[in-house]
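Me: I'm new to this one, could you walk me through it?

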Amino acid sequence: MHDDSALVQLRIDRFVRERLAPAVHRIAVPLTLAAWVAPGEPVGFDEALAQEYRPFQTGHPWGRPWGTTWFHATGTVPAGWDIDESTRLEVVVDLGFSTATPGFQAEGIAWSPAGVILKAVSPRNRSVPLALPPGGTVDLYLEAASNPDVTSGFTFVPTELGDPATAGTEPIYTLRQVDLALRDETVWELLQDFWTLDGLQRQLPKALPRRAEILHALERCIDLMDPEDVSGTAAAGRAALAPVLALPAYASAHRLHAVGHAHIDSAWLWPVRETVRKVARTFSNVLALIEENPDFAFAASSAQQYAWLKEHYPELFKRVKAQVAAGRFVPVGGMWVESDTNMPGGEALARQFVAGKRFFMEELGVEPLEVWLPDSFGYSAALPQIVAAARSRWFLTQKTSWNETNLMPHHTFLWEGIDGTRIFTHFPPVDTYNAELSGAELARAQRNYAEKGVANTSLVPFGWGDGGGGPTGEMIAAARRTASLEGSPTVELSTPRRFFETAEAEYAQPPVWSGELYLEFHRGTYTSQARTKRGNRRSEHLLREAELWASTAAVRTDAAYPYDELQQAWHTVLLQQFHDILPGSSIAWVHQEAERHYAEVADALHGLVADSVTALCGTGERSVTLNAGPYPVRGIAGLGAGATAGATGGATARPLPVTVERTADGIVLANGLVAVTIDADGLFSSLRDLGAGRELIPAGERGNLLQLHRDTPTQWDAWDIDQHYKRTATRLTAADAVEVVRDSAEVAEVRVSRSFGASHVVQLISLAAGARSIDLALSIDWHERQKLLKLAFPLDLHAERAASEIQFGHVYRATHANTSWDAARFETCAHRWVHVGEPGYGVAVANDSTYGHDITRDTDAAGHSATTVRLSLLRAAVFPDPTADQGEHALRVSIRLGATIGDAVAEGYRLNLPLRTVAGVATGRIDPLFEVDNPAVVIEAVKLAEDRSGDVVVRLYEAHGGRTTARVIPRFETTEVTETDLLERPLADARAVFSADGGALVLELRPFQLVTLRFAR
């Protein structure tokens, strides 16, 4: 038999394109249209209904960028239309859709005249079903959003569309269709038959008989049908395909649990306000599908998105709530948003679960047990412990499939965190969270699945996402056809919980992956949009301060605790930790709003601190200095307040004064502990630990070196730093001025000014009496484009690995590139500090707002091994925000000599929680609520309980990476202490070993163990 399969395939393609798809609607008539253009931001239905609408016709332009146009569509169902079980009456809308993915262009939502949301419309979900008889009146409103396509096909071309100030005002869409149409259900079903069978046979090997069987069955179907009467012959066509659709799957076929899903970025290439509407559109689509498909369930994460629905669309929220109760609409994730997990601090990441789970439990009566982060840019090694502390059980992502270099070896495994906690984890081998259940996707899931032979089940999230949209009827039809179909994996409509319970039962001893899930991609997100990152870091620490002093005031004075104000601040910060806001990968509009919201949070929290201090100290003529950090600073106890005792902290003997000496080598600052020589270029030509007798600058090198790199990623501008950036570097050695600006016994300061390109940097280098750290305050006026600015500290240390702070601990990473895994980790994320060292000696480099680092081992001019620590200060990506990072920046860095890990921890807190002096008080002292006798045990949060009982909650962790014992002493009357989970519920199997010692609590902690204690009073 001759092989004519290529010709048959062409015939199938043309038949579907020219005959079958156009015949889905038997007949259509245009509706009468009128329109009203909202003059500014979107308005609610009642306000839109009250406006004056003017006649409008299809074929006319509409919609300025980011605008909203309300269309009023009216008409009558023609009397002669046959409306029965074989047809469906619907309004079909084309707002001017392009071939771009749904969610990145115009979209709309249909309302009834009574203000009830019917369903959304988008490029691949264009219909709104109606239940009307012939002669019935059609009357609906379309709220159409003219969101621009910022992506330009993801060519990463700079665009001004991401800022309403530069996006323009001319219409960008043309309304093509608002028709009343009659869908032929048999033709529609036949189209789904073709889509599934054709998609399947394309994935099968050419030598497999099943492929030829399907191909020629499709051809026979075309032969049987009349191209001039598709509707009349569709039933015969379906009958011809029934035998090949009825053949069951192989017994060994891969088993897929298909879960309805819509990844809705809480902001990205659209502002937060548009996400609010995207949630309503998507959820209304899902509710319509649920009504039509009793076996379909939909999973949606992010408590914030449900909260928006409750606030802005209460009727829709009520319907969602009913389906949640029915088990059809499934909240997942248990977090406030699908956050980044690299950069949020430990307490903030914990609060993602506290806020998220509390909302789900209080508003919807469910507690999600699945952590659902399909799209975040890598996953912190601290996350398993945090997940377990929130009493969640499972973790899902697919983002590691984006790795540029290495494939993860598992799809189902136990993920072990820094403390040893293990979480059952799944990576869907379909490698997408936006599946449409195509033949290609199902085949890819089966082909990729790494656990073959020991397990055979995976999850596939299906539905249009990123910009929302969700599942469609076509996707559910595909799931039904592949429930058991020869040649295909089996597909079961399922829920996340059903999948995880099945997978756990199937795979009793999965392998273990220990440590971070580093994404070998999107490394620039540690640095892009530095002001957003600074806002996050400052907000996290201000929240710590505000909660600490409010708790202290409530306990000491019975002052009212500002629950609502703190919750509002936390919700703002948690929202802005979303994985496209904090990473700096959104349009300009998003980051402008984020910076404004951070400023509002700061104002509110400073006010709360002031109120608490007034309650604690009264008003008068004195001043008091607050130390919100966990360690004593300048004689002030951690978590307490008093008068300072000199330049540095707590020593009984007065420290040696700082000296400033001008030499031929430069300006030398020394204090008896350390000495730094700042040469004529403003660089560190010498950095000496005087007590250890060590020079830390390698031969032929200089420290405090700014380096400017070309930064032109191959793709994904704001997201990526590519390794080729290292090949082009400019050492910024020339200084405009180097001058001593302060010369006192307590503190000496040198100011270095330098200019390059269109930018200017001022560094204030300071050394305090008694300090082992040199502090650097940088003010940068940045006007470069596609450049990366790094700050380098070469150190005369042979460090085989570097410690980087993460949430509630630290991770070690190699400084070499022995393996492909090491080499791919050329840019890494750290929180407040990094530490490098060799046995017996180390150096810590701390920061107050920087996350991106690279730490490498090099050779100095003498041929000796050296280690270079570099901080990534600023980038200047041009997509999606062409003005990213332009303007003024302020940040601080310190380098501490002779540092242990414990010293690095303390340095990070010192730099990020500076002492706060408040004047105009009557009392100059505040005693801490808690004392801890072991510096390895760090109190991370002190607050009042979420249930507003007045109980005091303290969260602490072991910070040094070893087993330890500590006495925690509450300095207030308590009646009971209980170990709890993050949500402050008692633990039946307490993880911390503790006992009473008088008024103290003795804790025995394992490395990096996180503990939450609740003190009743």
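Predicted model: local features only at pLDDT ≥ 70, side-chain atom pairs only at ≥ 80, totals over all residues.

Me: Let's start with β18, then. Is strand β18 largely enclosed or open, and why?

Reply: Strand β18, which covers residues 412–416, is largely enclosed by the rest of the structure, because five of its five residues are buried.

Me: And which residues sit on each side of β18?

Reply: Thr412, Leu414 and Glu416 lie on one side, while Phe413 and Trp415 lie on the other, and both faces are covered. In general, side chains in a regular strand alternate between the two faces of the sheet.

Me: Which way does β18 pair with β19, parallel or antiparallel?

Reply: The pairing with β19 (residues 422–426) is antiparallel and runs over five bridges, with phenylalanine 413 having threonine 425 as its bridge partner in β19. Five residues lie between the two strands of this hairpin, where glycine 420 takes a positive phi near 100°.

Me: How many bridges join β18 to β22?

Reply: Three bridges join β18 to β22 (residues 512–514), and these two strands run parallel; tryptophan 415 stands opposite tryptophan 513 in β22.

Me: What lines the largest cavity?

Reply: Its lining has 22 residues, with Gly345, Gly346, Glu540, Arg832 and Glu940 lying nearest the centre. Helix α14 gives the most to this lining, namely five residues, and the lining as a whole divides into 10 nonpolar, five polar and seven charged residues.

Terms used. Residues numbered from 1 in each chain as written. Heavy atoms only, no water. Buried < 20%, exposed > 50% of the residue type's maximum accessible area, 1.4 Å probe, protein only. Helix = DSSP H or I, 4+ residues; strand = E, 2+ residues; numbered from the N terminus. Pairing = 2+ DSSP bridges. 1 Å grid on protein atoms, 1.4 Å probe; cavity = no way out; pocket = protein on both sides within 12 Å on 5 of 7 lines; lining within 4 Å. Nonpolar A, V, L, I, M, F, W, Y, C, P; charged D, E, K, R; others polar.
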